[in-house]
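Welcome! Please take a look at the sequence and the structure shown here before reading on.

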Amino acid sequence: MAKSEVAAGSRRTLMDMFVEGARRGWNIATTNMMPNVIMAFVLIQALKVTGLLDIIGKVFGPVMALWGLPGEAAAVLVASFMSMGGGVGVAASLYTAKKLSGADITVLMPAIFLMGALVQYMGRCLGTAEVDSRYWSHIIAICVINALLAMWVMRAILIFF
Amino acid sequence: MNKEHLLQTDEKVTWVSYAALLFAIVFFSGIFSTAKGWLQVLDFTVLQGSFGTIGEGGKEVFRGSGGTGARDGFLFALTLMPSVILALGVISVVEGLGGLAAAQKLMSPLLKPLIGIPGICGLALIASLQSTDAGAGMTKTLYESGAITDDERTVFATFQISADATITNYFSSGAALFAFLGTPIIVPFVVILVFKIVGANLMRLYLKKVGQKTKNSPAAA
Amino acid sequence: MAQEQQPRTVIDAFVIGARRGLNVALNNIAPNVVMAFVIIQFLQLTGLLGLIGKVFGPVMRIFGLPGEAVTVLVSGWLSLGGGVGAAASLYSNGTLDARHVTILLPGLMLIGAQLQYMGRILITAGMESRQILPTMLVSLIVGLVAMFLFQFIV
Amino acid sequence: MPQPTSQDEKKFEIWGVVALILGVVVFSGLLTKAPGFWRAFDFTNLVGDFGKIVKDAAPGFRGSGGTAARDGFVFALTLIPGVMLALGLVNVIDYLGGLKVAEKLITPILRPILGIPGSAGLTLIAALQSSDAAAAMTRQLRDDGFINQKELNVFASWQFPGGPPISNYYTIAVALFPYLTVPIILPLIVMVIGKFAVANVMRFAFNRNTK
């Protein structure tokens with residue numbers, strides 16, 4: 001939760017603030033990031049063992065080539081759409097499996113978040129804020145457009161690094 | 001979230017807050033990661049440090065190489081934990097010193113031109129960068145208190161949902177990929193923020209266009 | 001991140017389950033396993049383990065197991081995690097081999113954590129109190145018989 | 001789960017059947033050595049294994065020669081991925097309605113094999129996973145009059161030995177899977193048979209005089 005107001009009474013020292021954030025980091029890492037990453041690694045293991053990963057590579061090859069990415073990168077985007085931790089986990093396991101390079105990961109990075117966890121956040125963001133449901137599909141589409149455009153921008157930026 | 005709390009920040013923003021904000025930007029930007037001498041201490045990847053190696057040939061601390069499935073995923077997640085803990089610890093300190101309040105103060109005047117929503121939404125925007133639920137909750141209250149119109153709410157929600165809880169997610173899940181990035185970790189983060197704004201403006205244009213259509217043919221359903 | 005219990009998608013279902021798994025593994029398996037490893041170390045250092053091996057040798061031979069295997073059943077009777085921890089510990093120092101562990105497993109699972117489950121299952125479910133002791137004894141006997149038969153399948 | 005309409009129920013049930021079958025196959029360990037494609041539907045293969053830190057060392061970070069609390073702790077850490085995967089998969093099967101289908105299958109045969117009415121089917125399925133939930137549900141069944149005290153005694157004696165078989169087996173016994181010389185499902189089958197043995201001994205030998 002956003003804790004912007006400083007507790008009036010106790011003078012929270014720098015140490016307290018750091019420990020509080022660190023504890024929050026541990027909770028988020030164990031209860032959210034780790035299960036997602038493990039799911040992603042299991043998913044990739046299943047795809048690799050069944051040989052589906054190579055098929056995805058070939059099928060999505062031409063599409064992903066638009067961004068200079070191998071076909072397998074599509075798996076990252078699909079996983080991100082379900083959960084950011086999943087998208088990141090898939091990207092990391094594909095990197096370990098040498099299907100994605102550091103440059104590919106950098107290009108994918110903003111996209112993973114810009115279209116990340118939309119399935120989950122539709123309810124938690126649009127639902128909670130009671131946004132007019134006529135526009136929900138447009139909003140989701142815009143998120144995906146954001147992601148695709150961002151990949152081109154990152155590809156351009158990479159030229160300087 | 002009572003209404004007054006939303007409409008103005010009760011914290012006074014001092015030079016400490018601006019210093020904290022500047023520190024956060026420098027810390028996560030990676031500018032000093034290759035600096036010589038004490039300046040290095042102002043850098044995330046330097047303070048993150050590195051794991052020891054086991055055995056002479058061993059490279060990846062306790063994860064080794066050639067692992068697969070849930071087990072390798074578990075160890076990989078374990079290697080990320082120090083970075084997540086450090087990142088969110090530092091962010092909490094910056095927030096405690098009012099760094100985010102400073103960011104909000106700087107940003108409020110820009111909201112109207114940049115995204116087309118009133119400066120009042122500054123606090124909700126900062127909240128949405130940290131927690132999906134906080135941002136959405138405050139947006140709902142902003143609408144109900146009449147601070148923003150329905151269209152402004154839709155535009156603001158489009159800004160929020162794309163890469164929602166940006167800071168928390170980027171520095172927790174994102175930590176998994178920091179080691180593989182070809183650019184400093186702040187670069188993708190900035191690109192994300194830019195495209196959140198782009199997305200909001202796409203919705204703004206769409207609403208204006210839909211607005212015209214219903215205006216000049218009100219009979220349309 | 002809000003702690004949502006009701007899964008909205010298959011992904012949520014997996015993540016919630018995995019999160020529960022992490023808690024189970026950290027909060028009740030790890031302590032039991034560490035306790036078991038310490039007990040085994042204690043028995044080993046005091047030489048009691050060897051003594052137990054000799055005393056229970058003949059009895060355990062009926063199940064095709066070395067005498068020390070009884071420590072697995074005893075610590076298993078106290079807690080399942082303890083029994084499994086003891087088996088793993090004895091395996092890693094060579095007292096038990098893979099076949100022994102396989103024979104022990106069904107028996108361990110059937111007689112495991114009797115005191116704990118007596119409370120959590122029999123009493124909570126409302127079994128008549130005079131039936132409780134017989135149920136525990138019968139479970140013990142069935143567990144040992146299962147282990148006895150299993151040695152011929154393994 | 002959202003309240004399904006009849007049409008959804010049909011779809012929900014199909015998914016349930018698929019999830020249940022896949023679940024049994026994955027957890028059974030029968031496909032561990034299966035050829036290529038099918039190996040993915042196996043718990044042990046999906047758990048995978050730890051990386052090698054030094055080229056010729058055994059995989060994993062536990063090393064060898066460890067003792068007592070320290071070795072025990074590291075050993076417990078190696079169990080976590082397996083436990084997370086197991087409960088994650090069980091939850092997915094539950095979400096897809098697999099457990100509902102299992103309940104439908106088991107209900108008709110409860111009278112012959114345990115002497116308890118079909119209405120206890122749901123409780124028995126719950127007892128596979130959580131002893132606390134099942135114990136509470138069993139008491140409720142009696143209080144609501146679905147089962148009498150005699151049937152409760154028998155049912156509780158089925159739940160008692162080893163507690164919830166599926167969750168205990170795949171979160172605790174998983175530590176010994178690497179050492180098993182038989183498919184991992186076999187000890188579990190023996191355990192479940194043992195539970196039925198205990199229940200039926202209690203049913204005939206000790207339950208004569210309870211009304």
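This is a predicted model: local features need pLDDT of at least 70, side-chain atom pairs count only at pLDDT 80 or more; totals for chains, interfaces and linings use all residues.

Residues are numbered from 1 along each chain as its sequence is written, chains are lettered from A and ligands numbered from 1 in the order in which they are written, and side-chain values use heavy atoms, with hydrogens and water left out.

**Chain A as a whole**

Let us begin with chain A, which has seven helices and zero strands. Helices here are DSSP runs of H or I with at least four residues, strands are runs of E with at least two, and both are numbered from the N terminus. The C-alpha trace of chain A spans about 60 × 40 × 35 Å along its principal axes. Of the 161 residues in chain A, 56% are buried; buried means under 20% relative accessible area, exposed means over 50%, and partly exposed lies in between, using a 1.4 Å probe and protein chains only. Contact means heavy atoms within 4.5 Å. Among the contacts in chain A between residues at least 6 apart in sequence, 66% join residues at least 24 apart.

**Two helices that meet**

In chain A, the axes of helix α5 (residues 102–114) and helix α7 (residues 136–158) come within 8 Å and cross at roughly 155 degrees. That makes α5(A) roughly antiparallel to α7(A), a label for angles over 145 degrees. The axes are lines fitted to C-alpha atoms over the stretch in contact, and angles run from 0 to 180 degrees between N-to-C directions. Residues of α5(A) in this contact include A:V107, A:L108 and A:L114, while those of α7(A) include A:A147, A:M151 and A:L158. The residues of the contact of α5(A) with α7(A) divide into twelve nonpolar, two polar and two charged. Here Ala, Val, Leu, Ile, Met, Phe, Trp, Tyr, Cys and Pro count as nonpolar, Asp, Glu, Lys and Arg as charged, and the others, Gly among them, as polar.

**Salt bridges**

Over all chains, the structure holds 15 salt bridges, each being a side-chain nitrogen of Lys or Arg within 4 Å of a carboxyl oxygen of Asp or Glu. The table shows some of them.

| Salt bridge | N to O distance |
|---|---|
| A:E130 and B:K140 | 3.8 Å |
| A:R134 and A:D132 | 2.8 Å |
| C:R120 and D:D132 | 2.8 Å |

The pair of A:E130 and B:K140 crosses between chains, from the loop between α6 (118–127) and α7 of chain A to helix α7 (residues 132–144) of chain B. A:E130, B:K140 and B:E144 are linked in a network of salt bridges. A:E130 is partly exposed at 41% relative accessible area, and B:K140 is partly exposed at 24%.

Is A:R134 buried or exposed? With 58% relative accessibility, A:R134 counts as exposed, whereas A:D132 counts as buried at 18%.

C:R120 is partly exposed, with a relative accessible area of 33%, and D:D132 is partly exposed with 39%.

**A closer look at D:S131**

Finally, D:S131 is found in helix α7 of chain D and is buried, with a relative accessible area of 3%. Which residues does D:S131 touch, not counting residues up to four places away in sequence? They are C:Y117, C:R120, C:I121 and D:P164. D:S131 and D:G163 are 32 residues apart in sequence and 5.9 Å apart in space, C-alpha to C-alpha.

Key
Angles under 35 degrees count as roughly parallel, over 145 as roughly antiparallel, 65 to 115 as roughly perpendicular and the rest as oblique.
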